[in-house]
Amino acid sequence: MSRATLPVRLLVVGATAAALALPTVGAAAGESVSSVTAVTAAGINAVPGSELTETSRLADRRSLVVGDRAYAMSTADTLYPAAGWHIRGEMGGVWTPPIKLVDGIWLRLADKWLGDPDGAPATQTTAGWGYTRTDFAKVDQVSVQRTDFVPDGTRATLVGLTLTSPQPRTLPVALDAHSELMSAYPWGWTTPNAGTFNLQDTGSYDGGALLFRDTGTPPVANATRHDWAALVAGDRTPSSHELGPDHRGPQDPAVVCPADGPAPTTCDDGAFGKGTGGQLRWQVQLTPNEPTTLWFAVAGSDQGVSAARTQLTKALADPAGALAQKVAARQQIASRTTVDLPGDRLLERSVAWSKQNLADSVQEVHDLQLRPVKEGSQYPASQGTLGTARWLGAGWPDYPWLFGTDGEYTAFAAVAMGKFADIESHLRALRDVSVVVNGDSGKVVHEVMPDGSIYYGTNDSAGNTDETSKFPSAVALVWRWTGDKAFRDDLYPFAVKNMRYVVEQLDKDGDGWPEGLGNVERPGMGVEKLDNTVYTIRGLRDLADLAASKGDNTTKTWATGQAAAMEAAFEGAWWFGQGTNQYADSIDDPANPANDNAKSLQRHWIGVTPMDAELVRPGQVTRPLATDEHGQQALAKRQEACYSGELGLFHTGTGPTSAVGGNKGPSCDSSVSTVQSERSIFSLNTGIMAVAEGNFGRLGADQQQRYTTGNARIQLDPDVWEMPGAMPEIAPSPDFPANIGRPLYDRSMVLQAWGTYGVLWPVVHQQLGVSPDLGRGDLTVVPQVPGGQHRVAGANIRLGDGSVDVAAERTTSTLTTSVTRHGRTHLLIGHVLPTGAVVSSVTLNGASTAYSIRQTARGRELVVNAGTGTGTSALVVTFAG
């Protein structure tokens, strides 16, 4: 297809790759092959590498565009089949949380519906940084492109339709819209359910726009009256319109999915839908060979028609300018944490796209009515209101809301890319909600919907122990990377309560190990879980570090003592041994009161957490919890085919089992498990494995690189991806077939934030070795070049209000580390020594210098005190062996 463009405005935002002396990465499979690709609807040049294209099975791929106040999901052919499962078939379409606005908008040129195989089928989808673009078969010789994006700060989505005709003509254009004003909660199976809560929409024509409303009080105890409105309009006055119950473009008449149970492979609406529809029509004059762009907006509000009109006016005031602003903002994000990985260009590209994935994950909602719904069993009165909550959504389309554990893992990726404000907001939102519904207990809630419903994690529900334990670590992490003392001071009292709650309330048998649910819950697990133990120890250490910075010696002494006691007993209590080379998943079988903390091995992914969690101890080198011996053994075992597949780490490894169905793969060992294996590969599990490998200096092609490659491939490999560039929740796996081919109402998430942990953190913190402690003005940079590679580099890595550039090289006899500080810090510069290396000389900025060698889990680290200051410090180490 030819691609005509409007006059070009080249955007140069922030530091480009050239300005940072980093090479521009050539186009890879699925990427645009031109050096500059136009975002047609606004005439803006996309930077090289910022677009990915796909031409196959477009009707079977989800396509997502996100802003911080709205988002839209269709299939890549721009149709809107029923998708998602929390409210079956209703999780796609256009949303401005906490409400859905419309099931979709469909466009018709002459008599051809765009995306319809019998009309004007889509021929190509392009995912760009902050937008998508779709090409279609020509309609009467007219070239057609559709650009979708969501401007940040606006409760609206925008669609640009660019038409180019070789001759003058008037082309009929029509837009269908079908409303579905609906709350994100209740869900399909809760009490009340979405069908009871959802009211009938009404439709009207309002000054050139379709106006849809859902007003009234749901017939549910404690529900309050609402006034929800959606507006659909174009940037020019329509010539005519029509209202009616359908208007789903080529998807009429709609096939409706039942609320649960068997359903057709493809549906057009859900059983709880109570929407209505309408159509707008235009006669568009086209000038020969001159692209004409029509803009359409879907805007809305949960605060009535007037608020919705304000959002519509804002969206249509300057759509092309809003797209330019969106692209500029995304290019600014791209300019941070730019990396040069000559030996792993796939991972380099994954870093770039992972930053965009996290930018796509930001959500903001106002006036949340906080009510614990006890896992969907009740709908109580609101316990309080939160004026604003801003967070990193977990996953689309079924988990775009606020989570504890998701955000705490994603925090590591967020700081590595310099996304400080949003992760701070996420943690504050978790604290604010938790305090309202849990009081002073210190317990962190698990899952918060954008309307304020708390599904799980209140004081009277089990909750997940790990997310309370991880909260102080997330606070400490952000404080170390930002030096933001106001943030530390704000969240410190809550962090203290977190660990007091876990230690004093969740160890009923007094054995020193916290009880409660964790990341994995399967039959036969003991009441004390490995991940809860690991993250509690780390949380205590991080709380002690925060306390020391605050001068709170009482808390420091208490947390240090608790952590030290747990660490001293950890290996004896949790190393399973017996030829498995693994840690136990849990201890203390609840079915056997006399088992006295007997160990249980079920081979779940949480067995990697002792190698994943780094502990900060005063006066000692930061290192993971696992011993060097056991850490190395456990990681080597996890690489075997019983634990890992082509694209990463299995949820649960294979081996002898008493479960129905028996073993489904090669046996890891002879220990008999009580559960069957689950050879599903989650991007989080693979990411944790990648980080764990890096913590033990295992960066080789069959070690960390295997797992970073797994996550990069599901994001960037055309043979594997669903939506180009989007990190999904689950990879195609032996026990979890690819989302492609599955019904849209029965898929895992097309975009999941936590997988970026296994890309950004291994590169920035482990390969480049960046480890700040800006709360104390310190920065340590000790890179490790992966085996088989010779150079890694990164630039504009954000630290507080400044940044750092790092380059590390390795030859057969020389190690070099170059660090440029853009901001005043104290620097400890170094390099991980190759195994068996004998140091011959060490120079700093060309002069011989004193150095020390310290033993770490990564290996021997040579470090030099480069003093306090700014500018470039260059370390050169020569060695033999």
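**Exercise 1. Aromatic pairs**

Find how many aromatic pairs this predicted model holds, then classify the pair Phe149 and Trp295.

Solution. 
- Start with the total: the count comes to 25 aromatic pairs.
- Take the ring centres of Phe149 and Trp295, which lie 6.0 Å apart.
- Pairing asks for centres within 6.5 Å.
- Next, the planes of Phe149 and Trp295 stand at 85°, so this pair is edge-to-face.
- Now place the two residues. Phe149 is in strand β11 (residues 142–149), and Trp295 is in strand β21 (residues 292–301). The pair links distant parts of the chain, 146 residues apart.
- Phe149 and Trp295 are both buried.

**Exercise 2. A second geometry**

Classify the ring pair Trp282 and Phe296, and say which strands hold these residues.

Solution. 
- The ring centres of Trp282 and Phe296 are 5.3 Å apart.
- Their planes meet at 55°, so the pair is tilted.
- The cut-off for edge-to-face is over 60 degrees.
- Trp282 belongs to strand β20 (residues 277–286) and Phe296 to strand β21. The pair therefore ties together parts 14 residues apart in sequence.
- Trp282 is buried, as is Phe296.

**Exercise 3. Clusters and charges over rings**

List the residues that ring pairs link into a cluster with Trp85. Then find which charged residues sit over Tyr535 and Trp558.

Solution. 
- The cluster consists of Trp85, Tyr185, Trp187, Trp189, Tyr399, Trp401, Phe403 and Tyr455.
- Over the face of Tyr535 lies Lys470, at 4.9 Å from the ring centre.
- Over the ring of Trp558 sits the charged end of Arg500, 4.0 Å from the centre.

**Exercise 4. Disulfides**

Solution. 
- Cys257 and Cys267 form one of them, with sulfur atoms 1.9 Å apart.
- Cys257 lies in strand β18 (residues 256–257). Cys267 lies in the loop between β18 and β19 (269–270), 10 residues apart from Cys257. Both cysteines, Cys257 and Cys267, are buried.
- Cys642 is joined to Cys668, S to S 2.2 Å.
- Cys642 is in the loop between α12 (628–638) and β34 (644–645), and Cys668 is in the loop between β35 (648–649) and β36 (681–682). The pair thus ties together parts 26 residues apart in sequence.
- Buried means under 20% relative accessible area. Cys642 has 2%, so Cys642 is buried. Cys668 has 5%, so Cys668 is buried.

**Exercise 5. Salt bridges**

Count the salt bridges. Then locate the partners Glu722 and Arg62, and judge whether Asp246 and Arg248 are buried or partly exposed.

Solution. 
- The count comes to 58 salt bridges.
- Glu722 meets Arg62 in one, at 2.9 Å, N to O. Glu722 is in the loop between α14 (704–716) and β37 (730–731), while Arg62 is in strand β4 (residues 62–66). So the pair ties together parts 660 residues apart in sequence. Glu722 and Arg62 are both buried.
- Asp246 and Arg248 form a salt bridge at 3.6 Å, N to O. At 37% relative accessibility, Asp246 is partly exposed. At 7%, Arg248 is buried.
- Glu567 bridges to Arg617, the closest N and O atoms being 3.1 Å apart. Both Glu567 and Arg617 are buried.
- Finally, shared partners join Arg57, Asp60, Arg62, Glu722 and Arg747 into one network of salt bridges.

Technical notes. Residues numbered from 1 in each chain as written. Predicted model: local features only at pLDDT ≥ 70, side-chain atom pairs only at ≥ 80, totals over all residues. Heavy atoms only, no water. Disulfide = S-S within 2.5 Å. Helix = DSSP H or I, 4+ residues; strand = E, 2+ residues; numbered from the N terminus. Buried < 20%, exposed > 50% of the residue type's maximum accessible area, 1.4 Å probe, protein only. Phe/Tyr/Trp six-rings, centres within 6.5 Å; stacked < 30°, edge-to-face > 60°. Lys NZ or Arg CZ within 6 Å of the ring centre and 35° of its normal. Salt bridge = Lys/Arg side-chain N within 4 Å of Asp/Glu carboxyl O.
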